[in-house]
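Visitor: I would like to learn how to read a model of this kind. Could we take the features one at a time?

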Amino acid sequence: MKRRDFLVRGSLLTTGYSLMKTMPAWAGRLSPEGAYAGLPAEELYRLFKDPDMIYRPFVRWWWNGDKVEKEELARELRLLKEAGIGGVEINPIKFPPRTDDMGKRAIQWLSPEWIDLLQFTLKEAESIGLTCDLIVGSGWPFGAEYLRGEERSQVVLIGTHKLEGPLDYEVSLFDLFKEADPAVTSPFAGRRMEMLSVQLAPAKFNAMEQVQDLSSQIREGGVTVSIPPGKYVLYGLVKVTGSMEVINGAPGANGPVLNHYNEAAVNKYLYHMSDTIQKQIGPLAGRVRAFFSDSMELEGSNWSADMEAEFKKRRGYDLLPWLPFTMFKTGGMGNIYDFNYGAELGEELRDKIERVRYDFELTKSQLIRERFIKPFTEWCRDNKIQSRVQAYGRGYFPLEGSFDVDLPECETWIKYGLGKEMSETDYRIGRAYTMINKYVSSAAHLNGRRHVSCEELTNTDMVFNDTLEILKVAGDQSAISGVTHPIFHGFNYSPPTAPFPGWVRYGTFFNERNTWWPYVRRFTDYKARLSALLQQGDMFADIAVLPPISDMWSIYGAQNEPFPSLIYPTWQTFIWESIHQSGNACDYISEEVLRQSDTKEGKLLFGTRKYHTLFLIKVEWMEPATAEKLFNFVAAGGRIFCIDGLPNKSVGLNDHDQRDLEVKGWVDKMKAFPDLFIPLKKPEANFLQWYRDVQRKYKITPYVNIDNPNPFVTQVRYQAESLEWLLFINSHLEESHTLQLSFSKEMINGRQAWIWDAETGERYRIETGPGKITLDLGPADAKLLVFDKEKKGPAWKPVPISARHLELRETDPESPAGAGDPASQQVAGNWSAAGSWSVDFRHIDGSVKTVILDTLKDLKDIPELVSFCGTAIYRADREVGAKSKGQWLNLGKVAGVSELIVNGQSAGVQWYGRRILPVGHLLQEGNNTLEVRITTVMGNYLKTLKDNAIAQYWTNENRKNQPLQSMGLIGPVTIY
């Protein structure tokens, strides 16, 4: 069997086994080939309209300090179910600082009492239909107080002293230890240091023969050396055992982090956990869906007792003499903060050092896979429980690292700038998805998996200011990155009697004390429908993108995903984004995937995936076997675009001269196909327009042609049996975008175009026909276009955004409301609701104040109302004549969740985007009473609570000093 088949089928068999043993029958079926059996179209729509619980969002449920009690556990489970949550990830974690624990007792992790609480929770969840996952250990990365010696994480790093001779120099090992001591985020007080080597090198050198080894003096506790004239660098290579402590570990699961390179220690830890629990309460299979491992944020951990021996066995030479010169100065999370910490290397030596650096990263990644990931997934299988893993961090394969996992997981965060900017200077600004999402989802696609899990809505910047609208934008972007199921981050175990605002460990404030909690079910219903649909299809992609992982590992070393201190190149993310924004779709691939792929009729084949085009992003380093596979692809008629460079180097140190020639030889052969092997220069700016130009020049046919692409608007395509669907999103919080769309014949052949409304679960037939569609996307909007063979159903009637568009819709049924030029998108009603408003401000502290506002304006601009938090009820009486009676009411700009009541009857609730509702059936001739309820965010108020340490930490202190937020009904309010 080919290795590729082994990779794919082995992973699918793992998933299939777990599904059969632990998942309900409707959650997915696998054929022997690994393809999911599809649901009939009507059954798929039923699932979309009324999703089963398993498709609903889950929450990370922090058991804060393990200060938990049965009565409150039961209450919170029911509260979550009522809010539309389908499952919980039980996550013991350190009690949050600055917080009154009300004298509640902490329960030791894995103690009989803790296990009894776990059993109680599992039974309660099962009784109300909620699914439970269980984190392994507590906090991240997992560890425990009981770990000893080689079981603890280890890191090897350097401490340097820069010297100038002539000089007789003496230094203690203690001084070098202090210099090397890593500034990690979570240091372990019991860490121990050992000096592995001491070397003296010229401040600039080009050959290892210029290095003087002083390691023989280590046993004397210090080093004495005569420095010749000139500048030199003294290197101490230091091993730290117990290099970090569990980040936010709960009692019993705190202490040193586990050594992920020590297979015996990994197995000991895992089976200690499962055996301790199951000895007391019996098998967890059927009660726990998945064991969860958080991201491997190992703070640079890179060592085990046999690392040197393993390196020599795999790479064929000794690591230690080279190792100090591969390293930079690192800090928190192992991130590099000084690239010039050591000596300056000449060009020839730098090339060799980069090759050794790659070899070290490859060895570490192989060991993590063999000694942590595989034991973890095998342990899960032994317990008949699925594995859910964030299989990334520092020093692991960012793509194929997720191949072995049943439920691969990535991360989506909320940060300022989201919905306002799509930066080309900093790839993080404006994106909720992290750089790892595309790797993880692509790995799932390559392995035939449809379930892509995500730690979603992680929030440390906008706590108490994240609106449901912002959550939607983040969640929509997450779906575009390939996510099909969210785990919200998170829900705090917090007794209702806890002092305001409660026990807050992290995250988006999912809590009944949040002002928008009464409306959260609308958001969870929306997310559930998306998940139910996306998990029934395969994300389409016919373009592959190869990021330069080998280059990055060689030049800089592996980075800390999902937030690397650098991404190489800085514009990497913009390539896949531009492809999707322009009507195509892509997967990331890796060299390993390339080498195990087949080529046929101009297509690159891996599993069920087929790619006609491959983009190489600044790829210069690769294995000769990868270059050979690229040639085979081109020779078979496939097309490769090389952006900002051509492959010209082999990876690794051994036989590198000969291997370099092999890579260059394959590249020279590809150059004989100038129409298929095409170098491109990256743009200085505007990657979207750059890709559009490439798309047109080289006839890369999109499956959906978008007349005027925009960086905030993007799409993804899915296929299932006879159905095709596209999810279009607009990430901008204030601007609308109108798209003129035309579709490939493959998509529309014999099918009717529909809108499936994920907010309501209804579906509507698009009357203009499937060939060309005008799609209007309001702020924070998303539309599901479904192409189905069903022809009958209610017609889609888009909401008119102004009187002009209402006119257009009534006179020209094929002209969609909301379409047109930007000027026409301004609200222009035929009857204005201008005038004074009486506003009741119902504060969450219980106070009520009534204010008369002559004009509508942002509450943050009214000094006496800037710190309001709660529900503002705007009331006004307006006269309506028989001839001017309108059909629609547009609230204009609104900051918060809005509910409109006309003459005592609700016209509806809106929690994102445009605030336009039908009111014709509610208005009456003569006097009409309008009532608009706006629920605001909490942050402005919490900034004023100077004696509340929790409020001040999250809204006023240091990096969390948040700006004042807009609130209220800003208008103008118009009826037409």
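Visitor: In which strand is Gly-490 found?

Guide: This is a predicted model. Gly-490 is found in strand S16, which covers residues 485-492.

Visitor: Is Asp-66 buried or exposed?

Guide: The cut-off for buried is under 20% relative accessible area. Asp-66 has 0%, so it is buried.

Visitor: And Asn-958, buried or exposed?

Guide: Exposed means over 50%. Asn-958 has 72% relative accessibility and therefore counts as exposed. Asn-958 also has a positive phi near 50°, and its loop runs between helix H21 (949-955) and strand S44 (968-971).

Visitor: Now the whole chain. How many helices and strands does the chain have?

Guide: There are 21 helices and 45 strands. The radius of gyration is 30 Å, close to the 30 Å given by the globule rule for 976 residues, so the chain is as compact as a globular protein of that length. Along the principal axes, the C-alpha atoms fill a box of roughly 100 × 75 × 60 Å.

Visitor: What share of the residues is buried?

Guide: Buried residues are 66% of the 976 in the chain. As for contacts with a separation of 6 or more, 79% come from residues 24 or more positions apart. The accessible surface is about 35000 Å², and carbon and sulfur atoms hold 49% of that area.

Visitor: How far apart are the mean positions of the positive and negative charges?

Guide: They are 3 Å apart, for 113 positive and 124 negative charges.

Visitor: Last, confidence. What is the average pLDDT of the chain?

Guide: The average is 92, and 93% of the residues score at least 70. Over residues 817-830, however, pLDDT is below 50, and the model gives this stretch 42 contacts beyond near neighbours in sequence. Residues 1-36 stay under 50 as well, with 73 contacts beyond four places in sequence. Where pLDDT is low, the predicted coordinates should not be read in detail.

Methods: Residues are numbered from 1 along each chain as its sequence is written. This is a predicted model: local features need pLDDT of at least 70, side-chain atom pairs count only at pLDDT 80 or more; totals for chains, interfaces and linings use all residues. Side-chain values use heavy atoms; hydrogens and water are left out. Helices (H or I, at least four residues) and strands (E, at least two) are DSSP runs, numbered from the N terminus. The radius of gyration is taken over C-alpha atoms; the globule rule is 2.2 Å times the number of residues to the power 0.38. Buried means under 20% relative accessible area, exposed over 50%, partly exposed in between (1.4 Å probe, protein chains only). Contact means heavy atoms within 4.5 Å. Accessible areas come from the Shrake-Rupley method with a 1.4 Å probe; for residues, only the protein chains shown count as cover. Lys and Arg count as positive and Asp and Glu as negative; His and the chain ends are not counted. The place of a charge is taken as NZ of Lys, CZ of Arg, CG of Asp or CD of Glu. pLDDT is the predictor's confidence in each residue, from 0 to 100.
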